[in-house]
Amino acid sequence: MAKVEAKRGLSEERLREFLREMLLIRRFEEKVEERFRAGELPGFLHVAIGQEGVAVGVCQAMDDGDVFASTHRAHGHTLARGTHPNAVMAELYGKMEGCSHGYGGSMHLYDVERGNLGANAVVGGGLPAITGAALSFKLRGESRVAVAFFGDGATNIGTFHESLNLAQLWQVPAVFVLEDNHWAESTPEIQHSPIRDLSKRAEAFGMKVMKADGQDVEEVHRVASRALKHARDGKGPVFLHVETERLVGHYVGDPQVYRDKERLHELQETRDPITLLREKLSASDEEFEDADREVQELVDASVEFAKAATDPKPEDALKNVYA
Amino acid sequence: MPELSYREAVRDALSQAMRQDEDVFVMGEDIAEMGGSMGVTAGMLDEFGPDRIRNTPISEIAIVGAGIGAAMQGMRPVVEVMYEDFLTVSMEQIVNQAAKHRYMSGGQLKVPLTIRTQGGAGWSPGAQHAQQVEAWFVHVPGLKVVFASTPADVRGLLWSAIYDDNPVIFFEHRTLYGLKEEVPEELEPIPIGQSRVHREGSDVTVVATGRLVHEALRAAEEAESDGISVEVWDPRTLQPLDLDGLVASVKKTNRVVVAHEAVTRMGFGAEIAAVVGEQAFDWLDAPVERVGAKFAPLPFAPVMEEYVVPHAADVLEAVKRTVARG
């Protein structure tokens, strides 16, 4: 199976990298849940367990110089784009060594050097700036693409419609990645959208639509690569509709009273992107456990790093208000 | 010295910045062929082309948001929001995005965006095309707020706003566009945060912004005939505020009137009164008087509009009230 896939473009080695990346995100988020429940992490948290294939597939397809905006569910995107787990964990602990130096937190992870223009806690809030970043690339003649991540819930808000309209009108190099997990917090898609195929909203603007199964990281990567190339080649923005599954609650501690437990269990059994890739690669237990141990060590080390990192001084709160 | 109208002065600052710097561009509704609803960008399309004098859909969220995105990439966009009232449509982008990206990123990002907008009563536009909303933005950490009252000031301040590395909300007043005065041959940038004394005086300081600067100057002339010497002090930048300049004037006159066209209650003048109370209480001979619009949306009928917004006579009365306190 893996050899057949390799013929389509990606080497088995690359897929193993993807598996390791997804595992890193999974173990990182499990650890974050654990530390949160232990009372070590301030604020509150959203994990993206089940959606790792989208983060890894898209972020691994991006080039150096590309930029992206993330959402309140940002750990995966940030790690997948290469920010060190130490920097992400330190941010969750509110430390100076964090990727936002303690000013942001889980919902505001930034790493500008790696193109991360910030995770946004306002649903849909980051989309207009992605259109603007893409406009600047076009005006300057730069071969760069701006990528927006957002969920199905965001397709109902004005920023979504205005950003897609402007991006298509001006033919800017942007890729709008819909992570369609079918839930806006606790509200199912059937209750928040009158149409079932949300990509029709992009088609209404005349935008190129591409679709991928988010639980198949290889497919996400393949389609995202095409989408990025389309945008980079000056052919206009792309709406990348990725069907995915949130295999956990909206926030850490969410009892999910609104969700059918049998259905959730079934999804966890059949639609876990890590299990699916592991099966595709026919990875042995030993191989999988080796990779798992390696990322687990990284994650454990990130907690140690974060705990030992520097607390900001209270008065640091008054820095960075103005440039 | 050339004479420029306030409108021409805005255009001159924009054009000069665009000539020297490819990273400066303008976008907004109807700004290209039409030259903007106030004619500010008239003729600029011919010189700079449609990429840089960029007509947009009626889409304030996306226009402001696209400005933020381009600014974060190091460009210096100037976004025109046709009326101040429409800033409310893009409020989320201004308050949660433009103002906070630098902070939330721990200093990694800058947002050198200028949002030009205008408003002001006096021509019966009704309740959704003339209100003055500067106080809403002064309340937001991360934003700078400018309100220029003369051609020379608007030119020098707009230049500084464009080259400021922070988001600047730049207010212009609808009724001032035709106002003309001689301006320096060379554009002289005016630092953000530097106030201006339009008229020196010794008895009362009138803190005035926008159109009310001119109303205050008229009131000052009338007061002079009654033997009252009025200083007209214009902060020009509302955020950051030139505290030293304000306190210096108050220490000289010992009486303060604040005058703006926006609604008095919770207005910018309330902050001035508070700051004066904190920093110059011992120099005050009378309570701070406030002049502003009455607490109502702007009405349409001219007699009602005239009644709601303040004029020179209101400033003069306030000046006399504060002097009468002894």
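Domain bounds here come from an automatic or database domain assignment. With that in mind, select chain B, which is divided into domain 1 (3-182) and domain 2 (196-324).

Before going on, a word on what you have open: this is a predicted model, in which local features need pLDDT of at least 70, side-chain atom pairs count only at pLDDT 80 or more, and totals for chains, interfaces and linings use all residues. Residues are numbered from 1 along each chain as its sequence is written, while chains are lettered from A and ligands numbered from 1 in the order in which they are written.

**Stop 1: between the domains of chain B**

Colour the two domains of chain B separately; their centres, taken over C-alpha atoms, are 26 Å apart. Domain 1 of chain B brings 24 residues to the contact and domain 2 of chain B brings 25 (two residues are in contact if their C-beta atoms, placed from the backbone, lie within 7 Å). On the domain 1 side, select helix 6 (134-138), strand 6 (144-147), helix 7 (151-162) and strand 7 (168-173) of chain B, the elements that give two or more residues. Helices (H or I, at least four residues) and strands (E, at least two) are DSSP runs, numbered from the N terminus. Strand 6 of chain B gives the most to this side, with 4 residues.

**Stop 2: a sheet in chain B**

Now look for an open sheet of 5 strands in chain B, ordered 9-11-10-13-14 with mixed pairing (two strands pair if DSSP finds at least two bridges between them). Strand 9 (196-199) and strand 14 (289-293) of chain B each have a single partner strand, so one side of each is left without a neighbour in the sheet. Inside the sheet, select strand 10 (204-208) and strand 13 (256-263) of chain B, which pair in the parallel sense over 4 bridges. Zoom in on B:Val206, which stands opposite B:Val257 in strand 13 of chain B.

**Stop 3: a sheet in chain A**

Over in chain A, find the open sheet of 6 strands with the order 2-1-3-4-8-7 and parallel pairing. Its edge strands are strand 2 and strand 7 (208-213) of chain A. Strand 4 (174-180) and strand 8 (238-243) of chain A run parallel, joined by 6 bridges. Select A:Phe176 and you will find its bridge partner, A:Phe239, in strand 8 of chain A.

**Stop 4: where the chains meet**

Finally, show both chains: the contact takes 32 residues from chain A and 33 from chain B. On chain A, select strand 2 (116-119), helix 6 (127-140) and helix 7 (158-170), each supplying at least two residues of the side that touches chain B. Helix 6 of chain A provides the largest share of that side, 9 residues.
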